[in-house]
Amino acid sequence: MKPNINWLDDPETFRIGQISAHSDHKLYRNLDEVTNDNSSYVQKLNGSWQFHFSDNPINRIKNFYEMDFDSNKFKSIKVPQHIEFAGYDRFQYINTFYPWEGHVFRRPAYTLSQNNTDIEKFSQAKDNHVGLYIKEFTLNASLQNKSVRVRFDGVEKAMYVWLNGHFLGYAEDSFTPSEFDLTPYLTSNKNKLAVEVFKLSTASYLEDQDMFRFFGIFRDVTLIAQPKLHVEDLLIRSVPINNCKDGQLSLQTKLVGKISDTKVRFTVKDMAGRQLFQTTQPANHHLAITNHVLKNIQLWDNKHPNLYQLLIEIIDTTDNVLEIVPYEFGFRKIEIKNKVILLNSKRLIVNGVNRHEWNCRSGRVISDDDMKFDIQTMLDNHINAVRTCHYPDQTVWYDLCDAHGIYVMAEDNLESHGTWQKLGTVEPSYNVPGSLPQWQAAVLDRAKNNYELLKNHTSILFWSLGNESYAGDDIAAMNTYYKKIDPTRLVHYEGVFHNPQYKSKISDVESQMYTTPTAIINYLKNNPQKPFLLCEYMHDMGNSLGGMKSYIDLLKRFPMYQGGFIWDFIDQAIEVTDEITGQKVLRYGGDFDDRPSDYEFSGDGLLFADRTPKPAMQEVNYYYGQSK
């Protein structure tokens with residue numbers, strides 16, 4: 001397999017050589033490692049990497065991955081980090097436009113014609129910057145003589161990967177993990193991992209989110225070893241039954257490796273540590289537990305985020321534990337009855353916010369402490385739900401939402417705003433994905449990545465098909481995928497509002513943005529077909545939210561009105577040192593001579609970018625407190 005630079009131009013090429021997406025479970029060697037959350041099967045590659053920046057693909061160093069390449073002149077960069085924060089390239093904030101608007105004429109492949117040669121190619125583009133990364137490592141002793149993969153939790157926008165001069169693969173979809181098998185090319189001594197990251201590819205058309213545009217390796221990079229038999233994938237289905245008094249638990253596991261002379265033990269405990277269920281089965285590549293009933297369960301919801309502990313142990317013939325996989329899950333049921341969304345048979349009220357991952361000193365490179373602070377802020381202000389606008393977050397975020405009872409709308413990494421809306425006007429002449437067959441596989445892959453990674457998180461009530469991408473056959477296919485693969489959750493999408501012929505094919509809810517209370521009333525009084533949810537409302541620029549009461553009052557009048565998600569949680573601004581005063585200041589879009597830019601539109605959060613609450617948070621606290 002040889003890499004091809006032209007993959008950057010082809011929407012039908014978005015993953016080469018990747019390990020298939022799977023659940024986000026962790027693996028450990030023993031119970032002590034589980035308790036301390038410190039797996040000897042894991043080796044972090046975060047830290048200092050060798051780095052070289054190239055202005056464009058033509059001028060990049062093409063053989064940097066070779067074993068005899070002299071990289072002494074490379075500089076260093078921290079991983080994870082956006083390349084822009086390392087001093088290369090300019091900060092740029094954009095809402096709707098694409099980064100090249102006004103500089104380069106460019107249209108998505110196959111939108112002008114079925115000929116893919118009449119467009120400006122990313123593989124030759126002068127504005128397509130390139131980051132070349134090299135990391136030399138030696139495997140820890142605990143990873144030696146095992147199958148080993150490398151996991152990139154987040155890389156924008158497209159990357160090629162080599163180990164010891166051997167090409168491993170290619171990946172897009174910036175916000176879900178990419179894993180590659182290292183085993184055939186590993187040595188017991190020093191190894192050379194090389195990564196080539198491009199700022200632009202056809203994925204850029206699908207990642208036109210309202211945010212600062214960065215590129216590079218911005219989430220963790222990890223080596224993961226597997227013992228001779230390993231849990232590759234896990235599916236947990238936990239559903240309340242018997243009027244929500246009991247719980248029905250089903251498990252499916254996919255194992256890879258040598259199954260001979262091994263067994264698998266499944267144990268379920270409550271959070272007090274009381275064992276509720278245990279069974280042992282001979283190992284097989286596919287194991288299942290079907291419809292096991294647990295009596296008198298404690299339900300999971302915002303006020304009572306009760307979780308249970310699943311423990312999967314792979315054991316050899318001498319009763320040595322080879323691998324332990326823990327996972328926490330809860331029992332809850334989301335459904336629509338009589339056109340009203342119910343959680344555990346009670347009407348669901350969403351007191352929500354939209355939340356970008358953000359830190360003013362590091363962009364979308366955020367810490368566990370940042371996430372814990374955000375969760376606590378939500379709990380302190382009666383916020384019970386979050387929409388992960390507009391991409392999957394770090395998996396730790398969903399763990400925290402499970403543990404603290406925050407309802408999640410889990411959004412695919414998809415927004416193509418600039419292909420269908422120009423200066424506020426709906427004009428979808430070159431919309432992607434639209435109904436173009438050449439773009440459908442890419443967006444279906446993003447839906448699958450989202451589902452497979454996060455499918456076991458109790459906090460996820462809705463799968464969201466992305467944001468502001470209009471509507472067509474391709475998004476309808478995403479809706480079909482989710483409804484087929486997961487009947488335990490609802491599917492959300494707002495963009496069908498602009499192309500209503502697809503309303504019967506897309507979304508379980510009527511979702512709109514910034515609709516007035518009067519317009520909501522008109523919808524609810526005219527034989528509505530779906531419950532109503534505001535996926536964005538109360539746009540918080542300046543000291544906003546003054547009209548929040550008008551929306552909260554609707555909750556009392558209309559059971560089919562389910563609430564909404566405020567735009568948004570935290571400002572996107574970057575802390576810099578002012579050139580004149582020497583003081584630390586926050587700067588917004590346009591403050592970095594970035595053009596095009598949507599300027600201070602990046603500042604519409606309930607928190608300033610340094611996580612200081614704005615006055616508008618008082619409104620949220622008061623009115624969401626009333627509608628609990």
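# Close-up views of a predicted model

**View 1. Glutamate 172 sits in the loop between strand S10 (166-171) and strand S11 (178-181).** The model shown here and in the other views is predicted. With a relative accessibility of 7%, glutamate 172 counts as buried. Its contacts, leaving aside residues up to four places away in sequence, are with Trp7, Thr13, Phe14, Lys157, Ala158, Ser178, Ser201, Thr202, Ala203 and Arg446. Methionine 159 is 13 residues from glutamate 172 in sequence, and their C-alpha atoms are 6.8 Å apart in space.

**View 2. A cis peptide bond joins valine 79 to proline 80.** The omega angle of this bond is near 0 degrees. Proline 80 belongs to the loop that runs between strand S4 (75-79) and strand S5 (93-94).

**View 3. Arginine 595 and proline 596 are linked by a cis peptide bond.**

**View 4. Cysteine 244 has a positive phi without being a glycine.** The value of phi is near 70 degrees. Cysteine 244 is placed in the loop between strand S16 (229-241) and strand S17 (246-257). Its relative accessible area is 13%, so cysteine 244 is buried.

**View 5. Aspartate 319, which is not a glycine, also has a positive phi.** Here phi is about 65 degrees. The residue is part of the loop between strand S21 (308-316) and strand S22 (321-329). Aspartate 319 counts as exposed, at 52% relative accessibility.

**View 6. Glutamine 252 is a residue of strand S17.** Glutamine 252 has a relative accessible area of 49% and is therefore partly exposed, since the exposed class begins over 50%. Leucine 287 is 35 residues away along the chain, yet the C-alpha atoms of glutamine 252 and leucine 287 are separated by 5.9 Å. When residues up to four places away in sequence are not counted, glutamine 252 touches Asp233, Leu234, Leu235, Leu287 and Ala288.

**View 7. Helix H3 (residues 368-380) packs with helix H4 (residues 395-404).** Two packed helices are described by the angle between their axes and the distance between the axes. For H3 and H4 the angle is about 30 degrees, and the axes are 10 Å apart. The crossing of H3 past H4 is right-handed. On the H3 side, the contact is made by Asp368, Met371, Lys372, Asp374, Ile375, Met378 and Leu379. The H4 side supplies Val396, Trp397, Leu400, Cys401 and His404. Sorted by class, the residues in the contact of H3 with H4 are 8 nonpolar, 1 polar and 3 charged.

**View 8. Helix H7 (residues 517-524) packs with helix H8 (residues 548-557).** The axes of H7 and H8 are 10 Å apart and form an angle of about 20 degrees. Angles under 35 degrees count as roughly parallel, and H7 and H8 are therefore roughly parallel to each other. H7 passes H8 in a crossing that is right-handed. In the contact, Pro517, Ile520 and Ile521 of H7 meet Ser550, Tyr551, Leu554 and Arg557 of H8. By class, this contact has 5 nonpolar, 1 polar and 1 charged residues.

**View 9. Helix H7 has the buried residues Pro517, Ile520, Ile521, Tyr523 and Leu524.** Viewed down the axis of H7, these residues fall within an arc of 160 degrees, so they line one face of the helix. The elements that cover them include strand S33 (510-513), strand S34 (532-537), H8 and strand S35 (561-566). Pro517, Ile520 and Ile521 are among the buried residues and also take part in the contact with H8.

**View 10. Helix H9 has the buried residues Ala616, Met617, Val620, Tyr623 and Tyr624.** The arc they cover around the axis is only 140 degrees, which puts them on the same side of H9. Their cover includes strand S26 (350-354), H3, S34, H8 and S35. Of these, S34, H8 and S35 are also listed as cover for the buried residues of H7.

Technical notes:
Residues are numbered from 1 along each chain as its sequence is written. This is a predicted model: local features need pLDDT of at least 70, side-chain atom pairs count only at pLDDT 80 or more; totals for chains, interfaces and linings use all residues. Side-chain values use heavy atoms; hydrogens and water are left out. Axes are lines fitted to C-alpha atoms, for helices over the stretch in contact, and angles run from 0 to 180 degrees between N-to-C directions. Helices (H or I, at least four residues) and strands (E, at least two) are DSSP runs, numbered from the N terminus. Angles under 35 degrees count as roughly parallel, over 145 as roughly antiparallel, 65 to 115 as roughly perpendicular and the rest as oblique. A crossing is left-handed if the near helix is turned anticlockwise from the far one by less than a right angle, and right-handed if clockwise. Contact means heavy atoms within 4.5 Å. Ala, Val, Leu, Ile, Met, Phe, Trp, Tyr, Cys and Pro count as nonpolar, Asp, Glu, Lys and Arg as charged, and the others, Gly among them, as polar. Buried means under 20% relative accessible area, exposed over 50%, partly exposed in between (1.4 Å probe, protein chains only). The arc is that of the directions from the helix axis to the C-beta atoms.
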